[in-house]
Amino acid sequence: MTDWFPLWLSVRVALTATLVAGTLGVALAYLLAKARFRGRGLIEAVVTLPIVLPPTVLGFYLLTTLGVNSPIGRAWEDLFGQPLVFTQTAAVIAASVSALPFVVRTARSAIETVDPRVEAAARVAGLPEWRVGAFVTLPMARKGLGAGIALGFARALGDFGATVMVAGNIPGQTQTLPIKVFDAVQAGDLAAARTGSLILAGIAVVVLLAVTQLSGQRL
Amino acid sequence: VVVVVAVAAAGCGSDGAAGAREGSSPPSITVAAASDLRFAFEELGARFEDETGTAVTFSFGSSGQLREQILNGAPFDVFASANVAFVDAVLAAGRGRPETKADYAFGRLALWTPPGVDLPAGIHELTAPTYRRIAVANPVHAPYGVAAVQALESAGILGAVEGRLVYGENISDTLRIARSGNADVGIVALSLVIADDRDHVLLPEDLHEPLRQALVVTAEGASTEAAIAFVDFVNGAEGREVMVRYGFALPGERRATG
């Protein structure tokens, strides 16, 4: 009997994380591409950190920030009556943070390559700045935004290190497919490890093909 | 950023662990168990579910890692450690029920080699050049790793083989390293290889401090009763029979050192 729960959980966590990282990431990308303000470089560096940090370090920081002994963790427990860590919410947070830089970086370069003359023309036509962004810049950058969101989804789906630290390895609750693969290898259940790995590799290939399609054509 | 993500994610996941635990129609418990228990406890869990209707989910890891998770608020109902010290640490932090602390087994070490490598006759033979890589569990957080290093030290060969040691995350990861052929021999838990089709060499238990395995109920609220029932089951007649079959010595029945 194949246990489909890890795959289902992974897809659910990754989709939710993509929603979070996609919304936040596109907004941040727009801000970083258009606005000039102090601390912009710092925001960019912090957002990019998850790409270069070892996932274990990221997981450790998240555990420290969200754990039962942290202010956020305590506030959460007061509010919802149970700790935040070792829940599916924690898995979503880990996946969102891991996915965010992929969305921001890809979306930002897409936004920056939109022809400024078109935006200028829209302004001349009398559109307020927010409508220029919402109806001109972002639609014109849509393929790049799509590529960034697709990359973010792939990264969220594949996260292991950060997720296992803040969400644990609880079968039926927080055991995502990458964690299931790890557990299956440890248990000597190579058949399950192969199936899980094949599914994850398959999804990754499909997503990367989609990204190539999206970013390969001119915007 | 973390805060924003946390708030944004709040909507999604609150049905996560809470939903699984509160939907009390078929009762269920989650057990954090040392990875030397993987095979024995999976069998025990299935039997317990058959007899009581309570589903048991296991999260296996090294005892040190599981202790960290419990101290950080992991929703486990029972903690079955490979070393009593980790149970004491959980109790000291106020996250377990002291009256439920109980010994349930003594673990034993065994040498295991992958196909194509001759099994050593005893621990002293590990200095032979055949054994280029020796897999042990990480002694920093895995009790079987501590015991393995103690055994090498008692045998007087730790210095000779120290450079050849490779560390598994926990004892089943250690066996995985050996099983894959990436180490020529593993110092593993007897319980993981006793049912194996390959031979093993049991190490004398006086080579290391006893692997005194203890458990404790860490449940709070609704699942406490089921957790206590599971602990009683492990230490009951049926549980003890299964543990013995997987090579564990039982508390009260263990021979004096030697």
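The structure is a predicted model, in which local features need pLDDT of at least 70, side-chain atom pairs count only at pLDDT 80 or more, and totals for chains, interfaces and linings use all residues. Residues are numbered from 1 along each chain as its sequence is written, chains are lettered from A and ligands numbered from 1 in the order in which they are written, and side-chain values use heavy atoms, with hydrogens and water left out.

**Confidence**

For the complex, the predictor gives an ipTM of 0.71 and a pTM of 0.79. Residues 6-24 of chain B keep a pLDDT under 50, and the model has 27 contacts for them beyond four places in sequence. A contact means heavy atoms within 4.5 Å. Residues 254-258 of chain B also have a pLDDT below 50, with nine contacts in the model beyond near neighbours in sequence. Where pLDDT is low, the predicted coordinates should not be read in detail.

**The two chains**

The table sets out chain totals. Buried means under 20% relative accessible area, exposed over 50%, and partly exposed in between (1.4 Å probe, protein chains only). Accessible areas come from the Shrake-Rupley method with a 1.4 Å probe; for residues, only the protein chains shown count as cover.

| Chain | Elements | Buried residues | Accessible surface |
|---|---|---|---|
| Chain A | 11 helices, zero strands | 47% of 219 residues | about 10300 Å², 69% from carbon and sulfur atoms |
| Chain B | 11 helices, 10 strands | 55% of 258 residues | about 10200 Å², 50% from carbon and sulfur atoms |

Along its principal axes, the C-alpha trace of chain A spans about 65 × 40 × 25 Å. Of the contacts in chain A with a separation of 6 or more, 71% are between residues 24 or more positions apart. In chain B, 76% of the contacts between residues at least 6 apart in sequence join residues at least 24 apart.

**Helices of chain A**

H2(A) bends by about 25° at Val46(A), and the proline Pro50(A) follows within four residues. The bend at a residue is the angle between axes fitted to the seven residues ending there and the seven starting there. Buried residues of H2(A) are Arg40(A), Val47(A), Thr48(A) and Pro50(A). Their cover includes helix H1 (5-34), helix H3 (55-66) and helix H5 (88-112) of chain A.

Helix H8 (residues 142-158) of chain A has 17 residues and reaches 24 Å from its first C-alpha to its last, close to the 24 Å expected. The buried residues of H8(A) include Gly144(A), Leu145(A), Ala147(A), Phe153(A) and Leu157(A).

Asp183(A) lies in helix H10 (residues 177-186) of chain A. Asp183(A) counts as buried because its relative accessible area is 11%. Beyond neighbours within four places in sequence, Asp183(A) contacts Asn169(A), Gln175(A) and, in the other chain, Arg38(B). From Asp183(A) to Leu214(A) the C-alpha distance is 35 Å, at 31 residues apart in sequence.

**The sheet in chain B**

Five strands of chain B form an open sheet with mixed pairing, in the order S7-S6-S8-S5-S9. Strand S7 (165-168) and strand S9 (201-202) of chain B are the edge strands, each pairing on one side only. Two strands pair if DSSP finds at least two bridges between them. Strand S6 (residues 134-137) of chain B runs parallel to S7(B), and four bridges join them. Opposite Leu165(B) in S7(B) stands Ile134(B).

Gly168(B) is also found in strand S7 of chain B. Its relative accessibility is 2%, so Gly168(B) counts as buried. Leaving out residues up to four places away in sequence, Gly168(B) touches Val136(B), Ala137(B), Asn138(B), Asp173(B), Thr174(B) and Ile177(B). Gly168(B) and Glu153(B) are 15 residues apart in sequence, with 19 Å between their C-alpha atoms.

How values were computed
Helix = DSSP H or I, 4+ residues; strand = E, 2+ residues; numbered from the N terminus. pLDDT = per-residue confidence, 0-100. Expected span 1.5 Å × (residues − 1).
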